[in-house]
Amino acid sequence: MPCAVGKNSRLNIKQTDTPIVTTDRPSDDAAMTTNSPLLIAALPAGVLLHRDGRIVYANPAMIRILGLANAEQLLQYSLLSFFQPEAWKRIEQAVHAMEPHETGGIPSELTLTQADDKEATLEIVTTLITFQGEPTFCTVAQDISKRKQNEERIRHQANYDGLTGLPNRTLFLDRLQREIVRATRQNHRVALMFVDLDRFKWVNDTLGHAAGDDLLREVARRLQECLRKSDTVARMGGDEFTAILPDMAKGPYAERVASEVLGQLVSPFTLCGQDVSISGSIGIAIFPDDAATLDELLRNADTAMYRAKSAGRNGYRFFTPDMHAEAQERMELESDLHHVLDRKELIIHYQPIVNLNTRQVIGAESLLRWIHPKRGPISPAVFIPMAEELGLISKMTEWTIRTACTQTQQWRQRPDSSDFFISVNLSCTRCRDLAVGEKIQAIFRDTGLPPAALVLEITENILSEDATRAMAMLNQIVQMGVNLWLDDFGTGHSSLSVLKRLPVNGIKIDRSFVPSSSSDPETIVLVEAILSLAKSLNRQVIGEGIETEAQAEFLRNRNCSMGQGYLFLKPEPAERFETILGKTFS
Ligand code: C2E
Ligand code: MG
Ligand code: MG
């Protein structure tokens, strides 16, 4: 009679237990008692195990799975040594609960540490049988390590970013959700940090995608260095990274991390053999202080990041409630900006450019205004950067040049204004559009305006993105006979060297350098230096923001031949501007 293993019997294996091993088929006696040993011999991997833990029989496939060269080697090992203590405990518990001829009581998936310390995952089915009159466990095992590895690889691909190895958006959202739940339960705070690189596009465009990839990998590495093990750094896509800082109860940790991250990002990266500097903008929102839900937390960290970017980049901002209203407003403006041309909401204001010696109106600068149906006039300082970001600037610039040129050609028909010229501000991002020259040619053709009557105003930032492309475009414009002026001169960092490189024939001194009665002597010395430099480089100088006679006089006395400012006229719509056309200011 087969003897059953009671619920309280123990599978008691000690390190000193010696398993009985055979690689031969079990005896006929066994075969007569049960068919299982025969079955085992035929199966991929099987083991008969005495209830005290001794191995009664192991077939060759099982010996291979255990990582042994032959059956004799099994004598050196206890079965226990193949399993982690935790797994073994689970086996013991399951065995206690088994009834005779019951199948599958032992956990069906087990991790086994092979003799050479490699890990294998087994799928097993165990039945309690009677073998040679003894209660015996018959275990059939299949090595599913390969399948598990594949599953793991697929899981990894679904959760991790292939380029940087960081958690991807999916895993990030999952972890954030868990941290929010945990923080709610434990009354903790979680900080969410959005990090966006400031010059990634430039690296990608100028140094190529391989350099862009290298940069992202190195950024990922540096970010990880700034954080604790319990924090999560993830890549959301493109040049956007996020960090979850759980358990924020301990002091101003987020602030410290943000400063460290910024520090890490500004130290140069070596890409394609050259040192490249970038920077980052960081937004931080805290749960539950700033947001009640995951979506809100994400949105608010993004808003704070955007604010950091628009505040001049290379900085961090914590979310504040007023940012929310602002972000809302910005979103509405952005969506309205897409329709600004179809809805004819853009108008040009003209500000006279005056010959400072004769006080005659010789030209005008065109300055865009957006007349919003609900909000009224919106400053170009607000909507031009938006249009650049949304990719709307090319169309807008083309419209401005065409409208201003058409208007100018009309005014030039007047006998007192036949030499009148117009200047138009050219946005920096415009240089990505290589067809700009052809578009301007078409405008000249259609309006009849001679190229010499057009001035394009550029700023030195034009060289900060893709200098080679920008120079090609500028040279093309100059060859057409169009004038180029460098706007806002004196406000940048590298003005003198830029002045030498750019094919400009005029410079506009920024209004902060036009000395007023309260100006300090240093400003006066500086503007005098700029004027004498322009003279020696044979560039025209145009003074901006002239509000007083004293300022006009100061500039005129130092060879600044042209100027504009409220002293003469504020920027005005065409109808009002017309009233001073051909005029000489007294
Ligand atoms: P900007 O090209 O330097 O234009 C000069 C700015 O100074 C104008 O501001 C003008 O209204 C203002 N201004 C002129 N005279 C005086 C004065 O005597 N005192 C003071 N305090 N300010 C004076 P606005 O019209 O707000 O334009 C701001 C900027 O927006 C412009 O600076 C230019 O960079 C940009 N912008 C304007 N229109 C366009 C455009 O069509 N395309 C592009 N890309 N940018 C434009
Ligand atoms: Mg200008
Ligand atoms: Mg200016």
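Trainee: Let's start with one residue. Which helix is the place of Ile393 in?

Mentor: Ile393 sits in helix H13, which covers residues 393-411. Keep in mind that this is a predicted model.

Trainee: Is Ile393 buried or exposed?

Mentor: For that, you look at relative accessibility, and buried means under 20%. Ile393 has 6%, so it counts as buried.

Trainee: Now the inside. Which residues touch the most other members of the largest nonpolar core?

Mentor: A nonpolar core is built from buried residues joined through side-chain atoms. Here the largest one has 74 residues, and Leu454, Leu456, Leu502 and Phe577 touch the most other members. There's also a second, separate core of 35 residues, with Leu216, Val257, Leu271 and Ile282 among them.

Trainee: What does Leu454 touch, leaving out residues up to four places away in sequence?

Mentor: Its contacts include Ile401, Cys405, Ile422 and Val424, along with Phe444 and Val482.

Trainee: On to the metals. Which residues coordinate the magnesium ion (ligand 2)?

Mentor: With a metal, you look for the donor atoms around it. Glu365 (OE), Asn425 (OD1), Glu457 (OE) and Asp487 (OD) coordinate the magnesium ion (ligand 2), at 2.0 to 2.3 Å. Their spacing in sequence reads E-x59-N-x31-E-x29-D. Asp487 also coordinates the magnesium ion (ligand 3), and the two ions are 4.0 Å apart.

Trainee: Why does the pair Asn425 and Glu457 tie together parts that are 32 residues apart in sequence?

Mentor: Because Asn425 lies in strand S16 (residues 421-425) and Glu457 in strand S17 (residues 454-458). Check accessibility too: Asn425, at 30%, counts as partly exposed, whereas Glu457, at 2%, counts as buried.

Trainee: Which residues come nearest to ligand 1?

Mentor: Begin with the shell, then go down to atom pairs. The shell holds 21 residues, and Arg369, Asp487, Arg511, Glu547 and Tyr566 come nearest. In the side chain of Glu547, an N or O atom is 2.6 Å from a nitrogen atom of ligand 1. Arg511 has a side-chain N or O atom 2.9 Å from an oxygen atom of ligand 1, and a polar side-chain atom of Asp488 lies 3.0 Å from an oxygen atom of the ligand.

Trainee: How much of the accessible area of ligand 1 does the protein cover?

Mentor: On its own, ligand 1 has 800 Å² of accessible area, and the protein covers 83% of that. Strand S14 (361-372), helix H12 (380-389) and strand S18 (483-489) are the elements giving two or more residues to the shell. S14 has the largest share, with four residues.

Terms used
Residues are numbered from 1 along each chain as its sequence is written. Chains are lettered from A and ligands numbered from 1 in the order in which they are written. This is a predicted model: local features need pLDDT of at least 70, side-chain atom pairs count only at pLDDT 80 or more; totals for chains, interfaces and linings use all residues. Side-chain values use heavy atoms; hydrogens and water are left out. A nonpolar core is a set of buried Ala, Val, Leu, Ile, Met, Phe, Trp, Tyr and Cys residues joined through side-chain atoms within 4.5 Å. Buried means under 20% relative accessible area, exposed over 50%, partly exposed in between (1.4 Å probe, protein chains only). Contact means heavy atoms within 4.5 Å. Donors are N, O and S atoms within 2.8 Å of the metal (3.2 Å for Na, K and Ca); water is not among the atoms, so sites may look incomplete. A residue is near a molecule or strand if one of its heavy atoms lies within 4 Å of it. A polar contact is a pair of N or O atoms within 3.5 Å; within protein, one must be able to donate a hydrogen and the other to accept it, and residues adjacent in sequence count only if both atoms are side-chain atoms. Accessible areas come from the Shrake-Rupley method with a 1.4 Å probe; for residues, only the protein chains shown count as cover.
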